[in-house]
Amino acid sequence: STHSCVPDPFAGPAAWKARILVQAAGPVKPWPCRRAESLPAGWGIVMDDVLAGIYTFVVLKLLMSFVF
């Protein structure tokens, strides 16, 4: 295992940006998130959050590649 006990100084800003993007994606509900909500037995809630996380990852990677 290559885990480090030393905190990554660059993880903080990226983590805050990711948190903000996840919160923004919730009410906006980009395309398959709203459709995923209709899945049965609680799966809709889980998949909605998973898809919002995927969208956040993609947007954050694009922003970090082109803007930051």
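Modeller: Helices (H or I, at least four residues) and strands (E, at least two) are DSSP runs, numbered from the N terminus. Val46 lies in one of them, helix H3, residues 43-66. This is a predicted model, in which local features need pLDDT of at least 70 and side-chain atom pairs count only at pLDDT 80 or more, while totals for chains, interfaces and linings use all residues. Residues are numbered from 1 along each chain as its sequence is written, and side-chain values use heavy atoms, with hydrogens and water left out.

Colleague: What does the secondary structure of the chain come to?

Modeller: Three helices and zero strands; from the N terminus on, the order is α-α-α.

Colleague: What span is expected for H3, and what does H3 reach?

Modeller: The expected span is 1.5 Å times one less than the number of residues. H3 has 24 residues and reaches 34 Å from its first C-alpha to its last, close to the 34 Å expected.

Colleague: Why does Val46 count as partly exposed?

Modeller: Buried means under 20% relative accessible area, exposed over 50%, and partly exposed in between (1.4 Å probe, protein chains only). Val46 has 42% relative accessibility, so Val46 counts as partly exposed. Ile54, also placed in helix H3, has a relative accessible area of 46% and is therefore partly exposed.

Colleague: Why does Asp48 count as buried?

Modeller: Because the relative accessibility of Asp48 is 10%, Asp48 counts as buried. Buried residues of H3 include Asp48, Leu51, Ala52 and Thr56. Of the 68 residues of the chain, 18% count as buried.

Colleague: What does Asp48 touch, not counting residues up to four places away in sequence?

Modeller: Contact means heavy atoms within 4.5 Å. Asp48 touches Lys29, Cys33, Ala36 and Glu37.

Colleague: What makes a patch, and which residues form the nonpolar one on the surface?

Modeller: Like charges are joined within 9 Å, and nonpolar side chains (Val, Leu, Ile, Met, Phe, Trp, Tyr) within 5 Å. The nonpolar patch is formed by Leu39, Trp43, Val46, Val50, Ile54, Phe57, Val58, Leu62 and Phe66, with about 920 Å² of accessible area together. Areas come from the Shrake-Rupley method with a 1.4 Å probe; for residues, only the protein chains shown count as cover.

Colleague: How much of the accessible surface of the chain belongs to carbon and sulfur atoms?

Modeller: 72% of about 5,600 Å².

Key:
Patch = residues over 30% accessible without salt bridge, like charges linked within 9 Å, V, L, I, M, F, W, Y side chains within 5 Å. Salt bridge = Lys/Arg side-chain N within 4 Å of Asp/Glu carboxyl O.
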